[in-house]
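Work through the exercises below with the sequence and the structure open beside you. Try each task before you read its solution.

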Amino acid sequence: MSVLIRGGRIITAADDYIADVFIDGERISLIGESLDIPADTVIDATGKYVLPGCIDPHTHLDMPFGGTVTIDDVESGQTAAAFGGTTCHVDFCIQPQGSSFSDALADWRSKAEGKQVIDMGYHIAVTDLREGGSLEELASLPDQGITSYKLFMAYKGALMVDDETLFKTMEVAADTGALVMVHAENGDAIDVLVKRALAEGHTEPHWHALTRPPETEGEATNRAIQLARVAGAPLYVVHVSCRESVEPIALAREKGWDVYGETCTQYLFVDYTFLERPNFEGAKFVYTPPPRDKANQEVLWNAVRNDVLSAISTDHCAFNWDGQKTLGKDDFSKIPNGGPGIENRLQMIHHFGAREGRISLNRMVELLATNPAKLFGLYPRKGTLAVGSDADVVVFDPEKRVTISARTHHSKIDYNLFEGTEVQGSPEVVLLRGNVLVEGDSLVAKPGIGQFVKRAKFGDELKPARLAPSAA
Ligand code: URP
Ligand code: ZN
Ligand code: ZN
């Protein structure tokens, strides 16, 4: 099968020009001016942007957490992603305490079987190096294409690891070429604050934020940076939400250390006051780290603009308000932590970032596609539009007006963090490896089309075999 995308404005992290894209099979075969080549499918992209498929490096699909399971499984979560122009994501495979990493991976792979709508990889979330996975097993994972290790420095009594586990994992990463990811919050201090607040009778959702002050994020971010430096491992700090965490990352990067950070769409738009909404509506915004004071939003926009932060992910971790968030009706600490967002990242960042002049279109592509691909071993197979790259393409209509709503989104969740927000610009056609996935309001391709991608080690490239330069 071949596809010709005609006359669109091609935007990558580096370029912006009008051209045609010819796709032969699963990959981009030619990019040029006025290509006169017959194709099975011709897409007229005049007046549209042609973008690389976006990559979401931080999602939680079909994940048990907080006494329940996320409402989006692989099929519904990836369908929502596809409508939003995301063609590849890296999900967290969580090692249950006492389990080996291979058992955890087999379990997570089975959840994806036959359901994949887009391509995906896994980060392994290390929770237990004593009874479950061994350091040797951890060291074997990068050769299987699992090239990032995630550690939670919070969620005491559940996913949290101690500094010994964190540091030993970092040492393994330094040896094996994996990237270490941290959820940076001081879980011990937060545990004290949560218990005290509950003992004093504070049960409402906004206490989620009051018991997780920004300093606890800043402290853990700095600790992780210093420990990664000692271990000699590269570090990626997930869901950065505030100045206290941005500053140590900025300092480390100024020094030239291998330190990277992401923020998520919601931290740029949702602030602390959302948690105070009456009638338990505030529970919709209980995710971790919590929504912060509004002043942090400018700090985060500056950080994504100035390359202090390298990516914007979604941390899509969807729980229904009715029946799941309500588990914490009388106790904020029992509200499952997490929010949705996998479908609206490109729309939101395009409108409020690129369209309103906070970042350039090139930077938008870099934050949503190219940098995630580079950091997580998918580039240049994914994350750009180039000859030989997977034909993961978004034909994006920059004029289309959309009102974001749970009534029209494709996730199974019963609310949307950005409900009622009006944006201009939305994906029109989305292709995955040359297959039309989404066309307007229709999902064209069937679940099962998505593949697991074996990712390259940190700093290495993932080239399609036929196009890799020969070793000679
Ligand atoms: O609240 C959140 N972010 N839930 C998902 C788990 C995590 O911490 O990323
Ligand atoms: Zn987290
Ligand atoms: Zn997360």
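**Exercise 1. The sheet**

Find the order in which the 8 strands of the open sheet are arranged, and decide whether their pairing is parallel or antiparallel.

*Solution.* Keep in mind from the start that this is a predicted model. Moving across the open sheet, one meets its 8 strands in the order β6-β9-β10-β11-β12-β13-β14-β15, and their pairing is parallel. At the edges stand β6 (54-59) and β15 (311-313), each of which pairs on one side only. From one strand to the next, the twist averages 30°. To look at one pair in detail, take β13 (residues 235-237) and β14 (residues 259-264), which run parallel and are joined by 3 bridges; within this pair, Y236 has Y260 in β14 as its bridge partner.

**Exercise 2. Helices across the sheet**

**Exercise 3. The zinc ion (ligand 3)**

Name the protein donors of the zinc ion (ligand 3), and work out whether its site is tetrahedral or irregular.

*Solution.* The first step is to list the protein donors, which are H58 (NE2), H60 (NE2) and D315 (OD), lying 1.9 to 2.1 Å from the zinc ion (ligand 3). The second step is to compare angles: four donors count as tetrahedral if all angles lie between 85 and 135 degrees, and the 4 donor atoms here give 86 to 130°, so the site is tetrahedral.

**Exercise 4. The zinc ion (ligand 2)**

Why is the arrangement around the zinc ion (ligand 2) classed as it is?

*Solution.* Start with H183 (ND1) and H239 (NE2), which coordinate the zinc ion (ligand 2) at 2.0 Å. The 4 donor atoms around this ion subtend angles of 57 to 152°, and the arrangement is therefore irregular. H183 belongs to strand β12, whereas H239 sits in the loop between β13 and α8 (243-254), 56 residues apart, so that the pair links distant parts of the chain. H183 counts as buried at 0% relative accessibility, and H239 is buried with a relative accessible area of 3%. Finally, the distance from the zinc ion (ligand 2) to the zinc ion (ligand 3) is 3.9 Å.

**Exercise 5. The nonpolar cores**

Identify which residues touch the most other members of the largest nonpolar core.

*Solution.* In soluble globular proteins, nonpolar side chains tend to be buried together. The largest nonpolar core here has 114 residues, of which L235 and M364 touch the most other members. Helix α11 (residues 361-375) supplies the largest share of this core, 7 residues. Leaving out residues up to four places away in sequence, M364 touches L51, L346, I349, H350, A354 and I359. Another core, of 17 residues, lies apart from the largest one and includes I10, I23, I28 and V393.

Technical notes
Residues numbered from 1 in each chain as written. Chains lettered and ligands numbered in written order. Predicted model: local features only at pLDDT ≥ 70, side-chain atom pairs only at ≥ 80, totals over all residues. Heavy atoms only, no water. Pairing = 2+ DSSP bridges. Helix = DSSP H or I, 4+ residues; strand = E, 2+ residues; numbered from the N terminus. Axes fitted to C-alpha atoms, helices over the stretch in contact; angles between N-to-C directions. Donors = N, O, S within 2.8 Å, 3.2 Å for Na, K, Ca; no water. Tetrahedral: all angles 85-135°; square planar, octahedral: opposite > 155°, others 65-115°. Core = buried A, V, L, I, M, F, W, Y, C linked by side-chain atoms within 4.5 Å. Buried < 20%, exposed > 50% of the residue type's maximum accessible area, 1.4 Å probe, protein only. Contact = heavy atoms within 4.5 Å.
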